[in-house]
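Colleague: I'm new to reading protein models and could use a guided tour. Could you take me through one, feature by feature?

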Amino acid sequence: MYVLDRRDIEILAELQRDSRQSVQQLAGKVGLSATPCWKRVKDMESAGVIRGYGASIDRDSVGLQLCVLAEVNLSQHTEALVREFERAVAACPQIISCYSTTGGADYSIKVLATDIKAYEAFLHDTAFRLPGVTHIRSSVVLKEIKADASLPIHATIDRAVRAGKPARSPGGVARAATSIAGAAGETRAAAAAAVADRSIGSTRDAAIASAAAAEAPAAERGAGIDVAALVAAGIGPTQARQFEAALNDTFARFSIDTPVRRAAFVAQCAHESALFTTLEESLYYRKPERICAIFKSKVPTLDSAQALACNPQRLANRVYANRNGNHDEASGDGWRYRGRGLIQLTGRANYARAAADLARDYVAEPDLLLQPLDACLTAGWFWNAGKLNALADAKRIDDITRAVNGPAMAGAKERRELFESALAAFTPPPASRSATASRTSARTRPSAAAAPVRSGRADRPGSAKSRPTRRA
C-alpha cells in the first residue's frame, strides 16, 4: 500500500474537488512550491494512487433522470458462471456500478435510464439475459441526497499523524528539522559545522571544510539517515523505505559522511530520478520536433526523427551509437546501456568501469541498476570518481550539477532547492550541536592523525583522466 503523508492527502483532496486546476493553483492551496507539488502528483500517478482524471456530469442535464438500485441473485455460484456474469456487467453501459455483497442478494447494481419505460426495456432486453440471473429486485431512487462523493481522503490524516509521519515538503522541512534530525541520530562537532558553513566559494575553504569534517568523532560521522529524514527531505515514504539501507551502504562506502555531503548527493539523485521513482531513461517521444530539438546532432531533420517517434529502443540505438564505448547502431548497445540508476549511468564503457570497481556484472546484466542497492552504488561510484565530496563540502551545488548533468545544467534551481531541503532534514538541531560541542570540549579533541581516513586513490573508480561521463 502506498503510504500517504499530510501533503499527499491535501493534494488528493484538492484534485478530487477540481482536477482541472493548474499546478501553480494546486501548489498554492497545499502550501508547496510548484515543482515539489508536481513531483508528488507524478509520484502518486506512477504508484496508481491517482488512476486518472475525469469530468463530473450532471445526469439530469443529459436526460438520465431515472436512477435504480437493484439486487441481483444468480442461479448458481460456480466460478465459470460468476466470471461470465461479471464480464457481461462490465460491458453493459447502463450499469454504472456493481458490487458483490453479503446478505440476501448476490450483487447490487446501480442503473441509470431516461425514464421508467427505458428501465423496463433494460430489464427485459438486458438484465434478465445476463448469465445466471434468476431474480432482480428493483428500488427506484426518489431523491439523491448525496451522490458521486469524493473519497474521504482526510480521514487518513489522523492515522498518518498517529504513525508519526512528518510532512515531507521542502517548504515544511525547516520547521520539522528538529524532530527529524533527532530521529536520524546524526550529529557533528560544533566547530566542524561552523567551518563547513564558511566554506562556500573557494577551493581553500573546501579543503578547510574537508579537514574540519574529518575531525568530527568517527561515531558521529558514521551515523546514517533514516526514513523520517528522507521523507522530510522530500522523498516519498514508499521510496524512502526502499532506499534507506542502500543509501546508507553507499554513504559508508564512498565517505559521503556529513550532512552537507549527503544532502548534496540525495538532491542530485532525487532530481535525476524524479524523487527516487524513475531509475531508467525512457526515451519515449511522441513529437519528431522534440526529438530534433534534444538530439539535433544525431537526428538533424524531421524526416529522420519521424521514424524514431514513439520508438524509444530505436531512438536510443541511434543517438547513443559509437559513444561512451557503445558499438554501432545495429549492435543495440544504445538501448542496452541507456541511462539507469539514480544518476542515470549511460554507455557501455561506464557500465564496464562501474562493474570492475564494484564487482558487479553490469555489462552482462545492465538491469541490475534498476535495483535500489545497485542504483545507489553506481551513483556513489560516479560521485566518488568525480571527486564531488569536495564540491559538496564547499556547497558548490551548481558545480555538482554541471558535473552530473553537463553544460545544460537542467533543473539547477530545483536541485538547489532539493539540497537546502535535504540539508535541513539531515542537519542536527542546534541543541544537539551544542551538546556535542560541550562533550568535545570536555575531553581531548581528536587529532587530524586520529581521524578516519577516506579511501585512497586505489579505491576510487577512476582518476581525473579516466573520470566517467554520465551522459552522451
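Modeller: Happy to. Let's begin with charges: Asp 5, Asp 8 and Arg 40 are linked in a network of salt bridges. Keep in mind that this is a predicted model.

Colleague: What's the general idea behind such a pairing?

Modeller: Side chains of opposite charge can pair when their charged atoms come close. In this model, a search of the whole structure turns up 23 salt bridges.

Colleague: Which residue does Asp 367 pair with, and how far apart are the closest N and O atoms?

Modeller: Its partner is Arg 340, with the closest N and O atoms 3.1 Å apart. Asp 367 sits in the loop between α18 and α19, while Arg 340 belongs to the loop between α17 and α18, so the pair ties together parts that are 27 residues apart in sequence.

Colleague: And is each partner buried or exposed?

Modeller: Arg 340 is buried, at 3% relative accessible area, whereas Asp 367 is partly exposed at 45%. The cut-off for buried is under 20%.

Colleague: Got it. Next, how many disulfides does the search find?

Modeller: A disulfide is a covalent bond between the sulfur atoms of two cysteines. Here the whole-structure search finds zero. As for individual cysteines, Cys 92 is buried at 7% relative accessibility, and Cys 292 is buried too, at 13%.

Colleague: Let's go inside. Which residues touch the most other members of the largest nonpolar core?

Modeller: That core has 55 residues, and Phe 276, Leu 342, Ile 400 and Phe 426 touch the most other members. Several helices give two or more residues to this core, among them α11, α12, α18 and α22. The largest share, eight residues, comes from α13. Apart from this core lies another, with 21 residues, including Phe 85, Val 89, Cys 92 and Ala 127.

Colleague: Where is Lys 387 found, and what is its phi?

Modeller: Lys 387 is in the loop between α19 and α20. Its phi is positive, about 55 degrees, although Lys 387 is not a glycine. Lys 387 counts as partly exposed, at 37% relative accessibility.

Colleague: Last topic: empty space. How do you look for that?

Modeller: Rolling a probe the size of a water molecule over the atoms shows where empty space is left. In this model the count comes to one cavity of 30 Å³ or more, and the largest cavity holds about 40 Å³ of space.

Colleague: Which residues lie nearest the centre of the largest cavity?

Modeller: Of the 10 residues lining the largest cavity, Ile 343, Gln 344, Leu 345, Thr 378 and Ala 379 lie nearest its centre. By type, the lining divides into six nonpolar, two polar and two charged residues.

Notes:
Residues are numbered from 1 along each chain as its sequence is written. This is a predicted model: local features need pLDDT of at least 70, side-chain atom pairs count only at pLDDT 80 or more; totals for chains, interfaces and linings use all residues. Side-chain values use heavy atoms; hydrogens and water are left out. A nonpolar core is a set of buried Ala, Val, Leu, Ile, Met, Phe, Trp, Tyr and Cys residues joined through side-chain atoms within 4.5 Å. Buried means under 20% relative accessible area, exposed over 50%, partly exposed in between (1.4 Å probe, protein chains only). Helices (H or I, at least four residues) and strands (E, at least two) are DSSP runs, numbered from the N terminus. A disulfide is a pair of cysteine sulfur atoms within 2.5 Å. On a 1 Å grid over the protein atoms alone, a cavity is a set of points where a 1.4 Å probe fits but cannot get out, and a pocket is an open set with protein on both sides within 12 Å along at least five of seven lines; lining residues have an atom within 4 Å of a point. Grid points are joined across faces, edges and corners, and a volume is the space filled by probe spheres set on the points. Ala, Val, Leu, Ile, Met, Phe, Trp, Tyr, Cys and Pro count as nonpolar, Asp, Glu, Lys and Arg as charged, and the others, Gly among them, as polar. A salt bridge is a side-chain nitrogen of Lys or Arg within 4 Å of a carboxyl oxygen of Asp or Glu.
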